[in-house]
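User: Hi! Could you walk me through the aromatic rings in this one? Here it is.
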Amino acid sequence: MLTSTLGKKLLMSLTGLFLISFLTIHLIGNLAIFSNDGGLAFNAYASFMSTNPLIGTVSYLLYAGIILHVFIAVVLYFVNNSARPVKYKVQKLKENSSWESRSMTLLGVLILAFILLHLKDFWWQYKHDGGYQFVEDANGNRNIYALVIEQFKTPFALVTYLIGLVALFFHLKHGFQSAFQTLGLEHHKYTPAINAIGVIYSIIVPLGFALMPVFVFFFK
Ligand code: HEM
């Protein structure tokens, strides 16, 4: 599958859709940050996610999904560049495609940088005792909520998260409809609806995540 360009694009679409499903669950779980309970619901969600054995197994699929998605993107980038020794005229490209479709690699690099920073700040601290001293909350869960609040209070986190989430918006906007196109799920009646759902999803998910650092920075 990895040897043909179509095979690579199929894997890109499948891993992309898998990552989209993770984002949806992550967003819904993180909404607990808005509940006015000092972080009890947020910590309970984080604790469930990291102790449930089934979710633990799915997490490994998630890490593999991210690595595979990035790996194929890099391969496709070099294949596309070597197959196109004479660059298209910029004007022609602009007429035929959206800015985000021409910028998927750049957007992907920004999102990858965002994810690495995010994992360093939260996931590494939480799962690997990265030096942060957790004080348990009233329910005996590690108080990762306190760490999230501490991080999101800094202008650096606010700005980097907003940049990452704008990149995510454009990446999803093109990626969603492109995945369905690659999978051959094109239909004169349903494709406009799928594209509309894609655009709505691309707005709601990054916006939902963006509200979290904004809420903490300005209102906590
Ligand atoms: C802006 C609001 C966000 C908050 C408050 C947040 C919070 C967290 C926390 C506390 C963890 C570590 C604990 C756990 O595994 O549950 C985590 C893990 C993670 N986050 Fe986020 N996150 C946010 C946005 C994002 C976004 C936009 C992405 C991807 C683009 C993302 C990707 C991940 C990944 C891949 C993990 C590791 C999951 C695992 O180990 O199963 N997060 N997040």
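User: Is Tyr-161 buried or exposed?
Analyst: Tyr-161 counts as buried, at 5% relative accessibility. Buried means under 20% relative accessible area, exposed over 50%, and partly exposed in between, with a 1.4 Å probe and protein chains only. This is a predicted model, where local features need pLDDT of at least 70, side-chain atom pairs count only at pLDDT 80 or more, and totals for chains, interfaces and linings use all residues. Residues are numbered from 1 along each chain as its sequence is written, and side-chain values use heavy atoms, leaving out hydrogens and water.

User: How many aromatic pairs are there?
Analyst: The structure holds 18 aromatic pairs. One of them is Phe-42 with Tyr-45, edge-to-face at 6.4 Å centre to centre and 65° between the planes. Rings of Phe, Tyr and Trp (its six-membered ring) pair if their centres lie within 6.5 Å; planes under 30 degrees apart are stacked, over 60 edge-to-face, and the rest tilted.

User: And how buried is Phe-42?
Analyst: Phe-42 is buried, with a relative accessible area of 6%, and Tyr-45 is buried too, at 16%.

User: Which residue does Tyr-161 pair with?
Analyst: Tyr-161 forms an edge-to-face pair with Phe-152, 5.0 Å centre to centre with 70° between the planes. Phe-152 is buried, with a relative accessible area of 5%.

User: Switching topic, which residue lies over the face of Tyr-126?
Analyst: That's Arg-142, at 5.9 Å from the ring centre. A charge sits over a ring if NZ of Lys or CZ of Arg is within 6 Å of the ring centre and within 35 degrees of the ring normal.
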